[in-house]
Amino acid sequence: MKLAVWRGDITRLEVDAIVNAANTSLLGGGGVDGAIHRAAGPELRDYCRNLGGCVVGEAKLTPGFRLPARYIIHTVGPIWRGGAHGEPTQLAACYRNSLALADSHELASIAFPAISCGIYGYPAEQAAEVAVTALQQALDGASHVRRVVLVAFSAEQEALYRRLLGA
Ligand code: ADP
């Protein structure tokens, strides 16, 4: 099993890439996005201006700038609208495409926040099930990524991940 759970601030992790739960502009926002932009420094926003935004479910890579992580993979999660508007498919695509992007850059470790579970309102339990399923499936096809960290920002989120992983 290459899936691990860690509780804390994702901006402090020394991994090859941390994933940002960004918005379509990629120019920063609240929650984990704001924390990552603050910790990476203003160079991140300058770099992102040239990326042309990002579509829901897709992912784009930038340097980590002042972060301990080498890279940031920015993905845009779905805004929860009741669950019947393609949200699970879009959320699964965020995890799958972020992992594939890390793998294509030959990165070995990647850490994910709970995409869409804050401001975007996705129910935490349903999102965690989508995340674990999508990552377990995608990890089978990955040739470089060896370690995936699910980052929980709260004790509840940590307990949820641990229960799903049977730990
Ligand atoms: P979204 O807009 O995709 O919902 P948010 O940033 O609002 O993104 O929330 C996504 C998840 O990230 C939430 O579970 C939130 O608690 C968590 N989070 C917020 N700040 C951090 C941080 N510094 N490190 C890790 N997780 C964080």
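View A. The model is predicted, so to speak of local features takes pLDDT of at least 70 and side-chain atom pairs take 80 or more, while totals for chains, interfaces and linings use all residues. Numbering starts from 1 along each chain as its sequence is written, and side-chain values use heavy atoms, with hydrogens and water left out.

**View B. The shell around the ligand.** The ligand is surrounded by 15 residues (a heavy atom within 4 Å), with Val32, Ser116, Gly118, Ile119 and Tyr120 the closest. Sorted by class, the shell has 10 nonpolar, four polar (Gly counts here) and one charged residues. Helix α1 (residues 31-40) gives the largest share, three residues.

**View C. An aromatic pair.** There are three aromatic pairs in the structure (ring centres within 6.5 Å). One of them, Tyr47 with Phe65, is edge-to-face (planes over 60 degrees apart), at 5.8 Å centre to centre and 65° between the planes. Tyr47 sits in helix α2 (residues 42-48) and Phe65 in the loop between β3 (59-63) and β4 (71-76), so the pair ties together parts 18 residues apart in sequence.

Notes. Helix = DSSP H or I, 4+ residues; strand = E, 2+ residues; numbered from the N terminus. Phe/Tyr/Trp six-rings, centres within 6.5 Å; stacked < 30°, edge-to-face > 60°.
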